[in-house]
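Have a look at the structure first, then read on.

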Amino acid sequence: MTAPRVSVVVPSHDRPLRLRWLLNALEEQTLPREEFEVLVVHDSQGAQTDLLLASHPLGVSAQRVAPSGPATKRNAGWRAARAPLVVFTDDDCRPAPDWLERLLAVADAQPGAIVQGPVVVDPDELVVLHHAPWARSQEVTPPSAYGQTANIAYPRDLLGRTGGFDEALPVAAGEDTDLLIRAKALGAPQMAAPDAVVLHAVFDLGLGDKMREAWRWTHLAEVVKRHPQLREHLVLRVFWKVDHPLMLLALAGVVLRRPWLMAPWALRRLGAYGPGPRARARAATEIAGNAAVDLAELSAAVRGSVRARTLFL
C-alpha cells in the first residue's frame with residue numbers, strides 16, 4: 001500500500017460515544033481517504049470501544065495498551081504511524097471537514113515545522129458552558145506556547161529526534177508543552193494554521209469533580225522547572241492564574257482578621273458574568289464553590305512545587 005501523507009493519532013479512554021463523533025468527523029474530511037490513516041490507542045475498560053473501532057466504516061488502526069496516560073498512548077500511536085506528518089487530536093474533539101487539508105497545506109509550505117490549528121468550544125455544546133458553573137472545555141489560539149495536542153501536527157522524524165512525549169508525566173498536564181519546547185530547541189519552527197479548526201467538547205463537571213480534577217495540575221511545576229522560559233507566561237512569573245495571588249491575599253485576610261484583604265478576590269469573582277444585578281447574583285451563588293476550586297488548585301500547585309523544588313503557584 002502507498003504510504004499516507006498524514007497519520008492522525010488519537011489517545012482514548014472510556015469515551016466510546018465521543019470517539020464515535022470524532023471518527024464520524026474524520027470520515028467527512030475533504031482530504032482524500034487514501035491520503036491519511038487514523039490510529040487510535042486506548043485503554044478503555046469495557047468492550048464498547050473495541051466494537052466501535054472494529055466496525056466503524058472509516059477504517060481505523062486500533063491498539064489496546066495497559067492503563068496509561070496520554071503520553072504513553074500518543075507515543076505508541078506515532079511510533080506505529082506510516083506518514084511523514086503526524087497529527088494529534090483527542091477523543092473529545094470534532095475537527096472541521098477541511099481540517100486535515102488545511103493543516104497539510106501549511107505543513108507542505110513549511111517543511112519541518114510544527115503546525116498548530118485553533119481549538120474552539122463546540123457550538124453544539126456552548127449552552128452547557130454558559131449555564132454550568134464548573135464546566136470545562138478548551139480554547140486555543142495558535143501558535144500557542146503550550147503546544148496543546150487537541151490540534152497539532154509534528155513531522156514524524158522530529159518526534160523521533162525528541163524521543164516523543166515524556167511518559168514520566170503521567171496525566172494530561174504539561175506533557176504536550178514539554179514536547180513542544182524540546183522540539184523547538186532542535187530548531188523546528190512553530191506555525192499557525194488558523195483555518196484548520198477543531199471543536200472541543202464541553203464537560204459539565206460538578207463541584208467535587210472540578211476540585212478533584214485540579215490535582216492533575218500538580219505536574220505542571222515539574223514542566224516549569226525544566227523550562228523556566230514558561231515563567232514569561234505566568235502572573236508575576238510565579239502564579240498559574242490571576243485568581244491565585246488574589247486567593248492568597250484573601251487567605252491572609254482570614255488569618256490576620258483583615259476582611260478588606262479578601263475584597264480583590266471577591267470582587268473579581270462577583271464580576272465573572274458582568275456588571276448587572278442578575279449577573280452578580282448568579283456569581284454570588286457560586287462564590288463559595290469557586291473559593292473551594294481555587295484552594296484545590298493552589299494546593300495542587302504547592303504540592304507540585306515541593307516535589308519539583310521550584311516555586312509555582
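Leu-100 is buried, at 0% relative accessibility; buried here means under 20% relative accessible area, exposed means over 50%, and partly exposed is in between (1.4 Å probe, protein chains only). The residue sits in helix α4 (residues 99-109). Helices (H or I, at least four residues) and strands (E, at least two) are DSSP runs, numbered from the N terminus.

What does Leu-100 touch, leaving aside neighbours within four places in sequence? Its contacts are Val-6, Val-8, Gln-29, Leu-31, Phe-36 and Val-87, where contact means heavy atoms within 4.5 Å. Arg-309, on the other hand, is 209 residues away along the chain, and the two C-alpha atoms are 41 Å apart.

## Where the numbers come from

This is a predicted model, in which local features need pLDDT of at least 70 and side-chain atom pairs count only at pLDDT 80 or more, while totals for chains, interfaces and linings use all residues. Residues are numbered from 1 along each chain as its sequence is written, and side-chain values use heavy atoms, with hydrogens and water left out.

## Strand β1, covered on both sides

Two of those contacts, Val-6 and Val-8, bring us to strand β1 (residues 6-12), where seven of the seven residues are buried, so the strand is largely enclosed by the rest of the structure. In a regular strand the side chains alternate between the two faces of the sheet. On one side of β1 are Val-6, Val-8, Val-10 and Ser-12, on the other Ser-7, Val-9 and Pro-11, and all of them are buried.

Which strands pair with β1? Strand β2 (residues 36-42) does, in the parallel sense over seven bridges, and strand β4 (residues 85-88) does too, also parallel, through four bridges. Two strands count as paired if DSSP finds at least two bridges between them. Ser-12 has His-42 as its bridge partner in β2, while Ser-7 stands opposite Val-86 in β4. Together with helix α1 (residues 16-27), β1 and β2 make a right-handed β-α-β unit: with the strands pointing away from you, the path from the first strand over the helix to the second runs clockwise.

## Salt bridges

The whole structure has 26 salt bridges, each being a side-chain nitrogen of Lys or Arg within 4 Å of a carboxyl oxygen of Asp or Glu. One of them joins Glu-37 and Arg-82 at 3.2 Å, N to O. This pair links distant parts of the chain, with Glu-37 in strand β2 and Arg-82 in the loop between α3 (70-80) and β4, 45 residues apart. Glu-37 is buried at 10% relative accessible area, whereas Arg-82 is partly exposed at 41%.

Arg-94 and Asp-122 also meet in a salt bridge, at 2.9 Å, N to O. Arg-94 lies in strand β5 (residues 93-95) and Asp-122 in the loop between β7 (119-121) and α5 (126-131), so the pair ties together parts 28 residues apart in sequence. Asp-122 is buried at 2%, and Arg-94 is partly exposed at 26%.

Then there's Arg-226 with Glu-222, at 3.1 Å, N to O. Being four residues apart in helix α9 (residues 220-226), they are separated by about one helical turn.
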